[in-house]
Amino acid sequence: MPVPFLAPLGVEHPLVQAPMAGSDTPALAAAVSGAGALGSLGCGYLEPEDLLARAAQVRASTDRPFALNLFVLPESFAVDEAAVARIRERLDALMAAEGLDVRTTRPARWAPSFADQFAALCEARPAVASFAFGLLDQARMRELRRRDIRVVGTATTVDEARAWEALGADAVCVQGAEAGGHRGGFLHPPEETLVGLFALVPLAVRAVRIPVIAAGGIMDGRGMLAAEVLGAAASQLGTAFLVCPESAAAQAWKDDLPRAAEHRVGTIRSFSGRAARGLVNRFVEAMRPFEHELPPYPVLNALTAPLRRAAAAAGRGDLLSEWCGQAAARVRPMPAAALAGTLADEYRAARQALAG
Ligand SMILES: Cc1cc2nc3c(=O)[nH]c(=O)nc-3n(C[C@H](O)[C@H](O)[C@H](O)COP(=O)(O)O)c2cc1C
């Protein structure tokens, strides 16, 4: 089945490797694209020069199309200094109690400038640009068009899918409640957007004419076919690729995924200040009493960054943001090209079996 919008770019399989800021790598994206799917690089945390360097690394390994992904964020935001001071005390006390020799520091900037990141993305000129956390403005949309860059917007509700269509996006990636990582929506409070993929895909397909890409809890080719039967044009898988050797996820995190019980994969705000799905571990439990004091994204994300780095270096998965979808226990560690090939084979076999 040729995938609308992806097939004309030369992507053979209805499979997108999800951008995973902080965990994907140029080697991962290049391997997936090289295998005939669409590899992606999550650039939400990168400064412009790093975005350009990473895009160049993908290009050095494959001439296949790939996607770059950004978080649409305002250039500035209010910071509640008292809340920052309070949460730093809580976090520092937790690290001390856990025996980790690291303390929060105030970063020079809370997050890279979206305007600068966007300019670098345009310069890098990937085949596809995908966006989460917000809606682009029309001028930026025109800029991408001018450069012949296809646009995929992230939606967690039908309203958000409609908003991306109205803006002129080429496709919309609907993120079900099952999905690992941050909630990518922007119109509604995250706790109202935890809509299961089985409900969300057909609702979105009925509401928009652009291709719908399904994301959340899909771990094999049967799941890809199920999404297609519900009307999706392709599937976007994140967690499945986290355990590949090319993924930059910490080893302790990779080790914890196969034993993740689905009811312990929760919606968490205490690492970043923004709702995200991951393992409910020691850090999450310890921060529960302070949930009402958390500064919003990106402030808390920046404050916990050194702590997460130290936890990873110390092999302390229980203190890390172990993002993953609800079906994490079904991960299959193998090289990314092999996984993309396996998923495509399984999808084809399931399709043939269904056709009888
Ligand atoms: C570790 C991790 C990081 C993620 N980072 C991003 C990101 O940078 N940008 C984005 O649009 N989506 C991101 N996502 C969400 C994915 O796009 C997708 O919605 C999700 O992985 C699908 O669910 P699954 O993990 O169960 O496959 C991330 C997901 C994970 C697991």
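**Close-up views of a predicted model**

**View 1. Helices α2 and α4 are roughly parallel to each other, because angles under 35 degrees count as roughly parallel and theirs is about 25°.** The structure shown here and in the other views is a predicted model. Helix α2 spans residues 48-61 and helix α4 spans residues 114-124, and their axes lie 8 Å apart. The crossing of α2 with α4 is right-handed. On the α2 side, the contact is made by Pro48, Leu51, Leu52, Ala55 and Arg59. On the α4 side, Asp116, Gln117, Ala120, Leu121, Glu123 and Ala124 take part. By residue class, this contact of α2 with α4 comprises seven nonpolar residues, one polar residue and three charged residues.

**View 2. Helices α6 and α7 pack at an angle of about 35°.** Helix α6 covers residues 158-167 and helix α7 covers residues 197-207; 9 Å separates their axes. α6 and α7 cross in a right-handed sense. Val158, Arg162 and Glu165 are the residues of α6 that meet α7. Their counterparts in α7 are Leu200, Leu203, Ala204 and Ala207. The contact of α6 with α7 contains five nonpolar and two charged residues, with no polar ones.

**View 3. An open sheet is formed by eight strands with parallel pairing.** The strand order is β1-β9-β8-β6-β5-β4-β3-β2. Strands β1 (15-17) and β2 (39-42) are the edges, each pairing on one side only. From one strand to the next, the twist averages 25°. Within this sheet, strand β4 (residues 128-132) runs parallel to strand β5 (residues 150-155), and four bridges join the two. One of the residues bridged to β5 is alanine 129, whose partner there is valine 151.

**View 4. A second open sheet is formed by three strands with antiparallel pairing.** The strands follow the order β7-β11-β10. β7 (181-182) and β10 (265-268) are the edge strands, and each pairs on one side only. Strand β11 (residues 276-279) is joined to β10 by four bridges, and the two run antiparallel. Valine 265 has leucine 279 in β11 as its bridge partner.

**View 5. Tyrosine 45 and phenylalanine 71 form an edge-to-face aromatic pair.** The whole structure holds 10 aromatic pairs. In the pair shown, the ring centres are 5.6 Å apart and the planes are at 65° to each other. Tyrosine 45 is located in the loop between β2 and α2, and phenylalanine 71 belongs to strand β3 (residues 66-71), so the pair ties together parts that are 26 residues apart in sequence.

**View 6. The peptide bond from tyrosine 297 to proline 298 is cis.** Omega for this bond is near 0°. Proline 298 is part of the loop between α11 (282-287) and α12 (299-313). Most peptide bonds are trans.

**View 7. Phenylalanine 5 has a positive phi of about 75°.** Phenylalanine 5 is not a glycine. The segment before β1 contains phenylalanine 5. Most residues other than glycine have a negative phi.

Definitions and conventions: Residues numbered from 1 in each chain as written. Predicted model: local features only at pLDDT ≥ 70, side-chain atom pairs only at ≥ 80, totals over all residues. Heavy atoms only, no water. Axes fitted to C-alpha atoms, helices over the stretch in contact; angles between N-to-C directions. Left-handed = near helix turned anticlockwise from the far one by under 90°. Contact = heavy atoms within 4.5 Å. Nonpolar A, V, L, I, M, F, W, Y, C, P; charged D, E, K, R; others polar. Pairing = 2+ DSSP bridges. Parallel < 35°, antiparallel > 145°, perpendicular 65-115°, else oblique. Phe/Tyr/Trp six-rings, centres within 6.5 Å; stacked < 30°, edge-to-face > 60°.
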